[in-house]
2 protein chains.
Amino acid sequence: MISKTVENYLKNIFLLSENNKVVTTNEISKKLKIKASSASDMLKKLKDKGLLNYEKYNGVSLTVKGKKIATTIVRKHRLWETFLVKKLNFKWDEVHEVAEQLEHIDSEKLVSLLDNYLGYPEFDPHGDPIPNTHGTFPKTNSIAINKLKINEKGTVMGVLQDNKEFLMFLNKIGLNIGSFIQVKNILKFDDSIEIKINKKEYLITLELARNILVKKEEN
Amino acid sequence: MISKTVENYLKNIFLLSENNKVVTTNEISKKLKIKASSASDMLKKLKDKGLLNYEKYNGVSLTVKGKKIATTIVRKHRLWETFLVKKLNFKWDEVHEVAEQLEHIDSEKLVSLLDNYLGYPEFDPHGDPIPNTHGTFPKTNSIAINKLKINEKGTVMGVLQDNKEFLMFLNKIGLNIGSFIQVKNILKFDDSIEIKINKKEYLITLELARNILVKKEEN
DNA sequence: ATATCAAATTAAGAATCCATAATAATATCA
DNA sequence: TGATATTATTATGGATTCTTAATTTGATAT
């Protein structure tokens with residue numbers, strides 16, 4: 001039986017490794033809010049279990065086996081978030097902590113009945129894609145706001161972060177899934193970006209922009 | 001923060017202490033499927049935390065504080081079982097293991113929204129009463145089958161056990177919530193009981209009978 | 001009352017996962 | 001390139017919760 005702790009390591013390594021890039025011990029320890037030494041310790045064990053590729057000082061990447069487990073945790077997390085928002089009327093920026101717990105419930109039957117109950121959703125309330133039983137993610141053509149050029153427009157499709165502060169800020173400036181936005185300016189000074197939402201303009205940091213996905217308007 | 005393990009000790013001590021009777025170390029270790037020595041160890045710690053009354057060799061009972069925690073776990077367990085059966089279409093004898101996990105999810109908001117979503121049910125799919133937010137159980141006038149005299153009749157209101165084998169046996173003999181039963185005979189030889197369900201007669205053990213609740217037919 | 005048996009407790013230690021502190025490897029930059 | 005900063009690793013140990021084995025307590029029956 002695989003522990004909740006191991007599941008969390010795998011899930012977070014998966015989330016940190018966009019484009020299959022190698023993930024460092026430090027990144028992991030920050031994400032999991034533990035010391036790097038603890039992470040180092042665990043990485044060795046996970047390697048021994050065949051869950052990740054790891055050579056000392058060179059960071060890690062998931063094996064097929066590790067990625068499979070990580071994907072099911074992500075799937076469960078996002079299905080539960082969808083349930084919490086769609087069925088129980090949680091707000092989208094309130095669900096993360098609870099889903100962090102629910103994602104570790106171990107029952108294939110539960111997950112598949114839940115998926116069915118929700119109508120096999122492809123995206124969670126944050127716009128993040130939900131992998132299916134086989135671990136396959138739905139296709140998207142979204143890009144992060146910081147990839148847009150000045151004057152380009154798009155529709156907000158999702159976010160890459162579950163962080164509460166982040167989500168509350170988006171709420172505050174009226175930026176939701178489906179919002180229509182336009183990049184008005186990009187400040188070289190600090191890489192921040194001016195965007196227009198509902199006729200109002202806001203300045204957001206690169207860090208924020210990197211975490212908001214839009215479907216670019218073709219024209 | 002209170003651990004899942006502690007929650008399980010408290011819940012099971014609560015379930016073992018009908019009529020506030022004292023619970024023994026052995027009973028606890030059997031219920032939790034651990035060695036008596038482990039239980040003994042833990043009981044000392046729970047006493048120190050003010051969760052139960054415990055004098056060596058004299059068994060335990062929950063303090064008010066311990067009972068409060070136990071009740072919220074029972075509440076969560078039964079609400080989740082109700083959800084699984086009513087919303088996700090689990091069978092009533094399939095929900096126990098999953099509910100054992102779900103009961104430890106820590107979020108008051110989740111529990112109260114779930115309760116609301118289910119329409120504030122008073123009984124779970126096994127007929128067990130669900131305590132409200134304040135820990136109060138709904139009133140019932142049910143009694144166990146072994147308390148009935150020969151020829152007395154009743155309607156099955158619930159069971160006192162979540163054990164899978166037990167529930168599957170009940171299913172097999174067609175005994176469900178709402179079934180109408182009559183005690184035909186009580187064998188002094190081994191305390192077993194002959195009951196009639198749907199025109200058929202079955203012999204059940206005292207142990208079984210003790211765990212099936214009926215509302216006695218007044219006549 | 002004492003022998004005997006069952007129940008409960010204690011002591012020692014294993015597994016898991018975290019931390020602190022010391023050390024080693026790698027990266028950076030003048 | 002060599003000094004220094006950053007990042008990663010190892011060694012050691014603590015908390016939690018379990019086990020086994022030895023011991024103590026309590027209950028029962030003659």
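Start with Val60(B), which lies in strand β2 (residues 60–62) of chain B. The model on screen is a predicted one. Val60(B) has a relative accessible area of 1% and is buried. Show its surroundings next: beyond the neighbours within four places in sequence, Val60(B) is in contact with Ile13(B), Val22(B), Val23(B), Ile28(B), Leu43(B), Leu52(B), Asn53(B) and Tyr54(B). Pick Val22(B) from that set and draw a distance between the C-alpha atoms; Val22(B) and Val60(B) are 38 residues apart along the chain, yet these atoms are separated by 5.5 Å.

**Helix α6 of chain A**

Select residues 108–117 of chain A, which form helix α6. Which residues of this helix are buried? They are Leu110(A), Val111(A), Leu114(A) and Asp115(A). These four lie on the same side of α6(A), because the arc they cover around the axis is only 130°. Just after α6(A), stop at Gly119(A), where phi is positive, about 80°.

**Between chains A and B**

Now colour the two protein chains separately. The contact takes 19 residues from chain A and 19 residues from chain B. About 1600 Å² is buried between chain A and chain B, with 71% of it on carbon and sulfur atoms. On the chain A side, select Leu88(A), Gln101(A) and Tyr117(A): these lose the most area to chain B, and together they make up 29% of what that side buries.

**DNA strand D**

Move to DNA strand D and show the 21 residues around it. Those that come nearest are Asn26(A), Ser40(A), Tyr54(A), Ser3(B) and Ser38(B). Of the atoms of DNA strand D that come within 4 Å of the protein, 74% belong to sugar and phosphate.

- Ser40(A) has a polar side-chain atom 2.7 Å from a phosphate oxygen of DNA strand D.
- Lys35(B) places a backbone N or O atom 3.0 Å from a phosphate oxygen of DNA strand D.
- Tyr57(B) has a polar side-chain atom 3.3 Å from a sugar or linking oxygen of DNA strand D.

Switch to cartoon to see the elements that give two or more residues to this surface: α2 (25–32) and α3 (36–48) of chain A, with α1 (4–16) and α3 (36–48) of chain B. Which element gives the most? It is α3(B), with 5 residues. Coloured by residue class, the surface near DNA strand D shows 7 nonpolar, 9 polar and 5 charged residues.

**DNA strand C**

Finish at DNA strand C, with 21 residues around it. Here Ser3(A), Ser37(A), Asn26(B), Ser40(B) and Tyr54(B) come nearest. Sugar and phosphate make up 75% of the atoms of DNA strand C that come within 4 Å of the protein. For a contact to a base, zoom in on Ser37(A): an N or O atom in its side chain is 2.9 Å from a base oxygen of DNA strand C.

At least two residues of the surface near DNA strand C come from each of α1 (4–16) and α3 of chain A and α2 (25–32) and α3 of chain B. The most come from α3(A), which gives 5 residues. By class, the residues of this surface divide into 7 nonpolar, 9 polar and 5 charged.

How values were computed: Residues are numbered from 1 along each chain as its sequence is written. Chains are lettered from A and ligands numbered from 1 in the order in which they are written. This is a predicted model: local features need pLDDT of at least 70, side-chain atom pairs count only at pLDDT 80 or more; totals for chains, interfaces and linings use all residues. Side-chain values use heavy atoms; hydrogens and water are left out. A residue is near a molecule or strand if one of its heavy atoms lies within 4 Å of it. A polar contact is a pair of N or O atoms within 3.5 Å; within protein, one must be able to donate a hydrogen and the other to accept it, and residues adjacent in sequence count only if both atoms are side-chain atoms. Ala, Val, Leu, Ile, Met, Phe, Trp, Tyr, Cys and Pro count as nonpolar, Asp, Glu, Lys and Arg as charged, and the others, Gly among them, as polar. Buried means under 20% relative accessible area, exposed over 50%, partly exposed in between (1.4 Å probe, protein chains only). The arc is that of the directions from the helix axis to the C-beta atoms. Contact means heavy atoms within 4.5 Å. Buried area is the accessible area (1.4 Å probe) that two parts lose on being put together, summed over both.
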